[in-house]
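Thanks for coming. Please have a look at the model on the screen, and then I will go through a few parts of it.

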Amino acid sequence: MLLYNSLTRKRDEFIPNEEGKVSMYTCGPTVYHYAHIGNLRSYIMEDVLEKHLRYLGYDVKRVMNITDVGHLTSDADEGEDKMLKGAKREKKTVMDIARFYTDAFFADCKKLNIKTPDEVVPATSCIDEFIKVITSLIEKGFAYEAGGNIYFDTSKLEEYYVFNDFKEEDLAVGVREGVEGDNNKRNKADFVLWFTKSKFDDQELKWESPWGVGYPGWHIECSCISMKTLGEKLDIHCGGIDNAFPHHTNEIAQSEAFLGHKWCNYWMHVHHLNTTGGKMSKSKGEFLTVSLLEEKGYDPLVYRFFCLQSHYRKSLVFSYENLDNATAAFNKLLAKVIPLHKAEKGEIDTATFDALKTKFREALDNDLNTSLAVTALYDVLKANTTPATKIALIDDFDRVLSLDINAKALAAIEKEKAEAAEKANDPFIMKIESLIEERKNAKKEKNYARADEIRNELTAMGVTLIDTAQGTQYKID
Ligand code: AMP
Ligand code: ZN
C-alpha cells in the first residue's frame with residue numbers, strides 16, 4: 001500500500017515495523033464541546049485507513065486519547081484550558097463535561113460507522129506516565145524549569161520543524177491568537193510539558209508532581225499514551241492537518257528525545273472540511289454537528305458517503321447543496337441495489353468477484369483513493385454478473401466503506417413489505433378489493449347492471465377504476 005507520509009512528503013510504500021502487525025495512534029477529541037462535522041471528517045478518513053489495513057489482512061491495534069486536560073485555547077500553550085472554558089460555559093464540573101462530551105463523541109462516531117479504537121485513554125488517567133517522561137527529559141537535558149513551569153528546550157534538537165511543507169494558513173491554528181507571549185521560554189518554539197505556576201488559579205484538575213501541584217501540557221499526553229500502549233516504535237500516527245504543527249511536531253520532539261531513537265514512521269494528516277464561509281467553528285456561525293444534520297433530515301451515513309467521495313488530502317467544502325447531491329447519489333445507488341435482493345441470486349462468479357475486488361483494493365492501496373473505491377462500487381452494479389456476485393462484492397467493499405449498503409437495501413424491502421401488509425389489512429382497502437372482486441365475478445356472469453352499480457359505489461367512495469389487460473387497477477382520489 002502507498003500512503004502519503006507527511007514526514008517524507010511523498011507517498012511511501014507502507015511497511016510496518018513488525019510483519020503483519022500495525023500500531024496506529026489517533027489524536028482524540030478535546031471533550032469540551034460536541035465534535036463538529038469537520039472533526040468527524042478526520043475520524044471518518046482515519047477509520048477508512050484502519051479498516052483498509054484490516055482488509056489487507058494486517059492485525060491492527062489502534063489507540064486514541066481523550067483530551068480532558070491541558071489543551072489550551074491556543075495550541076501554542078496560551079489562553080485558557082478548553083475544558084475549563086467548557087465547564088464555565090455550562091456551569092458544570094470539568095469531569096462532568098468530559099464524561100458528557102466523550103459519550104456524545106462516541107454516539108456520533110457510531111452513527112457514522114466509525115469503529116471505536118481498540119483502546120481509548122483519557123489523559124487524566126495517565127498522570128504518572130507524564131511525570132515519568134518529563135522527569136527523564138529534564139535528566140537528559142531536554143527540558144528546563146522556568147517561572148514554575150517545565151518547558152521542552154527545542155534548541156537541543158538537530159531538527160525541530162520536521163513537517164515543513166505545510167502552508168502558512170494550515171499552521172495558523174497553532175500560532176498565537178492575540179494572547180500575550182510567555183517570557184519564561186528560552187526559545188520561541190519551546191513548549192510546556194507541565195504547568196505549575198498557572199495563570200489560571202481556578203484550574204480545577206491539578207496533581208502533585210516533583211515540580212509542584214499542576215497539570216500536563218497537551219502535547220505530552222499523546223506521546224506518553226502512545227508509548228505506553230503501543231510501545232517505543234509506532235507505525236502510523238494520524239490527525240487533522242492543523243495538528244501537524246505544533247502538536248505533532250512537539251510530540252516527535254519529546255518522544256524521540258525521551259527514546260533516543262526514531263519513534264513513528266508514517267504521519268497521516270486529513271485536510272480540513274470548510275464551510276462556504278471559510279473555517280469550521282464551534283462558536284461562530286452554524287455549529288455543524290451530526291445531530292443538526294439529523295434534525296434537518298439527513299442520514300449521517302450520507303455524510304460519510306460525502307466524505308468518501310473526495311480525497312483526504314484535499315480540503316473539502318461543506319454546503320447543504322453538496323450534501324443534497326450526495327443524498328441523491330446515495331439513494332440512486334440504493335435503488336440499484338434493492339432489485340438485486342429481490343431477484344433470483346444465482347451463484348457467485350469468482351473470476352468476476354476477484355477482478356472487481358482487485359480494482360477496489362488497488363484504489364485504496366493508492367493513498368486511500370476513496371472516490372475511486374466508490375467508483376468501483378458503481379462498476380459492480382454495472383457488471384454483467386449474477387446478483388449473488390454483486391451482493392457479495394458490496395458486502396466485501398463495505399468492510400472498509402461502512403455505508404451499510406446491503407442492510408439499507410434489505411431494510412427498504414422490509415419497509416415496502418410492511419407497507420403492503422398494512423395496506424392489505426386496511427378495512428377501506430379490503431372493502432375496495434372485495435368490491436373489485438365482486439365486480440369481476442358479476443361481469444363473468446354477464447350481470448352488467450351489478451357491475452355498473454359497483455363502479456358507481458366505488459366512485460362515491462372516491463375510487464377510480466382502471467381496467468387494464470392485466471386486470472382492474474384502482475386509484476384513490
Ligand atoms: P480537537 O477536538 O480540537 O482536538 O480536534 C479533533 C480532530 O479534528 C483533530 O484531529 C483535528 O486536527 C481535527 N480537525 C479540526 N478541525 C477540522 C476540520 N475543519 N476538518 C477536519 N478535521 C478537523
Ligand atoms: Zn495528539
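Four strands make an open sheet, in the order β8-β9-β10-β11, and the pairing is antiparallel. Two strands pair if DSSP finds at least two bridges between them. Helices (H or I, at least four residues) and strands (E, at least two) are DSSP runs, numbered from the N terminus. At the edges are β8 (143-146) and β11 (215-216), each pairing on one side only. Strand β9, residues 149-152, and strand β10, residues 191-195, are antiparallel and share three bridges. Tyr151 stands opposite Val192 in β10. Across β8, β9, β10 and β11 lies helix α4, residues 127-139, at about 125° to β10.

Residues are numbered from 1 along each chain as its sequence is written, chains are lettered from A and ligands numbered from 1 in the order in which they are written, and side-chain values use heavy atoms, with hydrogens and water left out.

pLDDT is the predictor's confidence in each residue, from 0 to 100. The protein chain averages 92, and 95% of the residues score at least 70. Over residues 168-179 the pLDDT is below 50, although this stretch has 21 contacts in the model beyond near neighbours in sequence. Contact means heavy atoms within 4.5 Å. Where pLDDT is low, the predicted coordinates should not be read in detail.

Now two helix pairs. Axes are lines fitted to C-alpha atoms, for helices over the stretch in contact, and angles run from 0 to 180 degrees between N-to-C directions.

At what angle do α15 and α16 pack? Helix α15 (residues 427-444) and helix α16 (residues 448-460) pack at about 160°, their axes 8 Å apart. α15 is therefore roughly antiparallel to α16, a term for angles over 145 degrees. The contact of α15 with α16 has eight nonpolar, no polar and seven charged residues. Ala, Val, Leu, Ile, Met, Phe, Trp, Tyr, Cys and Pro count as nonpolar, Asp, Glu, Lys and Arg as charged, and the others, Gly among them, as polar.

Helix α6 (residues 218-230) and helix α7 (residues 244-259) pack at about 55°, with axes 8 Å apart. That makes α6 oblique to α7; angles under 35 degrees count as roughly parallel, over 145 as roughly antiparallel, 65 to 115 as roughly perpendicular and the rest as oblique. Their contact has seven nonpolar, six polar and one charged residues.

Methods. Predicted model: local features only at pLDDT ≥ 70, side-chain atom pairs only at ≥ 80, totals over all residues.
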